[in-house]
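Trainee: I'd like a close look at just one part of this model, please. Could you walk me through a sheet and then some salt bridges?

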Amino acid sequence: MKYSTSLMAIALTSVLTACGGSDSNDAPDPALSGSFSLGVSDNPADAQVVNIAFKQVVLKGNGQSLSFDVSDNGELKMVDLLTVQGQETATLVSGQSVPVGEYQMCIYMENSEVANEDSSYVQTIDGIAGLTTNSNGTCGGVGADEPDTGRLFFNKAFTIAAGNNLFVAEFDLAKGLQAPHGNKAYWTLKPTSVQLVNNAEVGAIRGQISPDTVTACETAAEGSTFNQAVYLYPADTPLAQMSDFRPDAGLIPPQVAPIASSRVQAILDDTETVIGYQYEFGFVAADSYSLGYTCLAQNDDPESSNNADDPQSPFFIHADEQEVSVTQATVTERNIPMDFVPAS
């Protein structure tokens, strides 16, 4: 499918209170506590809506568990991840005072195996279907007890220091959103498709893709259905070695799997005419990277290996850019190709 709508972004905020909140006399010493904020953002898959109904966030550490209700006026916190692409985020927890120390975290969502716009769901051109995650359990004995509750568990410990601590749960849907298969009529979100990033340690990459590059890819693909995307690879990954998202067992050296992907958005003028194409990676660890562009992202199935010679679902990276450096709190501008100058 060819997307021709411009990037839409929504910033959702809510002030949350920890379960069992305290009065001012019990407030923690500012020198021994830090402000904790958590948002969510997305690297999108081939879908039109990926709505997650969030319930609760739990921090486990320092011999205790802190629970934050993320509901909106008693209703589930609905976030369509495709509205928070690039550097956009939707806030789940805002400015909560938490004792300094190391923590693990759980995010709880409502699972739905049936199509229900009042719960978690995915929408494609074929309609909507339910969305679940196959992980459950508690964080330090605290968790959502209601039926149909899924858990996204971040087992790698992270530090909350004195001062402001801004974290983002970054969903990589191209890597971990599985379409209905077998006898399942619902989508599945793999817990491994989300990672926690500290805003103080990341930068961003954004740029535009030359219309000539897009046309050349679509001509080489010899098809009629296209989905443009830019893939992020480790530094010095040559074009010939840039692979798709696939099971680890399907990766044959020297092929290199992507780290993440970003959907390419069409740039429209006042008459809704496409005048260019843009992409953005919002939360990238400071390092050096390679970029790869494809017009066949719809054929990249993370559950299988897709090659250029696949008769049903061919996939290849058409163009690359090398030596893309990312520094903390900085946006790196890189067009594809690098010497392409977009019209002003």
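Trainee: In what order do the 4 strands of the open sheet come, and what kind of pairing do they have?

Mentor: First, a bit of housekeeping: this is a predicted model, where local features need pLDDT of at least 70 and side-chain atom pairs count only at pLDDT 80 or more, while totals for chains, interfaces and linings use all residues. Residues are numbered from 1 along each chain as its sequence is written, and side-chain values use heavy atoms, with hydrogens and water left out.

Now the sheet: the order is 17-18-14-21, and the pairing is mixed. Strands here are DSSP runs (E, at least two residues), numbered from the N terminus, and two of them pair if DSSP finds at least two bridges between them. Strand 17 (265–268) and strand 21 (331–333) are at the edges with a single partner strand each, so one side of each has no neighbour in the sheet. Strand 17 pairs with strand 18 (residues 274–285) in the antiparallel sense, over 4 bridges. There, Ile267 sits opposite Gly276 of strand 18.

On to the salt bridges (a side-chain nitrogen of Lys or Arg within 4 Å of a carboxyl oxygen of Asp or Glu): the structure has 6. One of them joins Glu321 and Arg334, at 3.5 Å from N to O. Glu321 belongs to strand 20, and Arg334 to the segment after strand 21, 13 residues apart. Lys190 and Glu303 form another, with their closest N and O atoms 2.4 Å apart. Lys190 is partly exposed at 25%, and Glu303 is partly exposed too, at 34%.

Key: Buried < 20%, exposed > 50% of the residue type's maximum accessible area, 1.4 Å probe, protein only.
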